[in-house]
Amino acid sequence: MNLTFANPSRFLAFARLAIPWVGALGAVLAGIGFYGAFALAPADYQQGETVRIIYIHVPAAWLSTACYGMMALSSIGTLVWRHPLADVSAKAMAPIGAAFTFLCLITGSLWGRPMWGAWWVWDARLTSVLVLFLMYCGILALWNAYEDPARAGRAAAVMTLVGAINLPIVKFSVDWWNTLHQPASVFRMGGSTIDASMLWPLLTVALGLTLVMVCLHMAAMRNEILRRRVRTLGLMAASRETQGFSA
Amino acid sequence: MMDDPHLGFIVAAYLAAICILIGLVYWIVTDFRLQKKALEELEAAGARRRSDGDLR
């Protein structure tokens, strides 16, 4: 499959079929999850109704690191295998990852104010997620700093892989340091500490938003492939005009 | 939930989520239309790649 869709034209044909189905399935799953979160799941005994924010904050947080992980894998594909779609994938993922990270920070802040009494604290988890967001912004700026997408792809791949060191820091910051942010409560040794009535909506929303993210990623990759075709054809047309003038 | 003192924070969080997701979708759809239009204009002007198939 990897080699089959290495061809951008084959990828475009696949994306045209997959984007509406994956997007629709993601939206339906997220809708079911949010229904469960608001209509079926109980309020938390400590957080009260504010726990409803967690159903968007936690999936956004997972996706912020998942998007960066995908960018790091794509960057390896760019630098090691020169896969034709690798840097397209990395570039397409950067704004999506930045959006989910921003959403994670905003919703976290809106949860923190009533629960902790502060919009922001400089604890290890919050700071490492802020660094992740700044990494996304830096990578987006780097992509726009180069005219040639191949050169931009290699530079962004190196920066992405250097920044990937932040991923385990984000994940384990709550274990390595004494943070105000609570430790992992879903993916942890010994199983989840969340009650099933709250866990299933959370996981359903997370799965739904993951599919939405995959759909957006494929659509953004399609845009990037088209952008490169436009660039190539534009350069070819300019070259023909130059030859016409000199003849 | 409607009489919860923190209702404003919950509403603001979901409004932010809706705005960010709709913004992302809008940007991707607009970008797709722009690139497709630019490609069609170039092809109408006679520009064509060697490997062009009709797979768009």
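Is A:Phe38 buried, exposed or partly exposed? A:Phe38 is partly exposed, because 15 other C-beta atoms lie within 10 Å; a residue counts as buried with 20 or more other C-beta atoms within 10 Å of its own, as exposed with 12 or fewer, and as partly exposed in between, with C-beta atoms placed from the backbone. This residue sits in helix H1 of chain A. Its C-alpha atom is 42 Å from that of A:Gly153, which is 115 residues away along the chain.

Before going on, some housekeeping. This is a predicted model, where local features need pLDDT of at least 70 and side-chain atom pairs count only at pLDDT 80 or more, while totals for chains, interfaces and linings use all residues. Residues are numbered from 1 along each chain as its sequence is written, and chains are lettered from A and ligands numbered from 1 in the order in which they are written.

Now for chain A as a whole. It has seven helices and zero strands; helices (H or I, at least four residues) and strands (E, at least two) are DSSP runs, numbered from the N terminus. The C-alpha trace spans about 80 × 35 × 30 Å along its principal axes. Of the 247 residues of chain A, 42% count as buried. Take contacts between residues at least 6 apart in sequence: 76% of those in chain A join residues at least 24 apart. A contact here means that two C-beta atoms, placed from the backbone, lie within 7 Å.

H2(A) is a mostly covered helix, with 20 of its 28 residues buried. From first C-alpha to last it reaches 39 Å, close to the 40 Å expected at 1.5 Å a residue (the expected span is 1.5 Å times one less than the number of residues). After H2(A) comes A:Arg82, with a positive phi near 50°.

What about the inside? The largest nonpolar core has 74 residues, and A:Cys67, A:Ile96 and A:Leu216 touch the most other members. Such a core is a set of buried Ala, Val, Leu, Ile, Met, Phe, Trp, Tyr and Cys residues joined through C-beta atoms within 7 Å. H7(A) gives the most to this core, with 18 residues. Leaving aside residues up to four places away in sequence, A:Leu216 touches A:Ile96 as well as B:Leu24 and B:Ile28.

That brings us to the other chain. The contact between the chains takes 32 residues from chain A and 26 residues from chain B. On the side of chain A that touches chain B, H7(A) again gives the most, with 14 residues.

Next, look at H3(A) against H1(B). The two pack at an angle of about 175°, with their axes 9 Å apart; axes are lines fitted to C-alpha atoms, for helices over the stretch in contact, and angles run from 0 to 180 degrees between N-to-C directions. H3(A) and H1(B) are therefore roughly antiparallel to each other, the word used for angles over 145 degrees. Residues making this contact include A:Ile96, A:Phe102 and A:Leu110 of H3(A), and B:Phe9, B:Ala13 and B:Leu24 of H1(B).

H1(B) itself has 38 residues and reaches 55 Å from its first C-alpha to its last, close to the expected 56 Å. Among its buried residues are B:Leu24, B:Ile28 and B:Gln35. Following H1(B) you'll find B:Gly46, whose phi is positive, near 105°.

How values were computed: Parallel < 35°, antiparallel > 145°, perpendicular 65-115°, else oblique.
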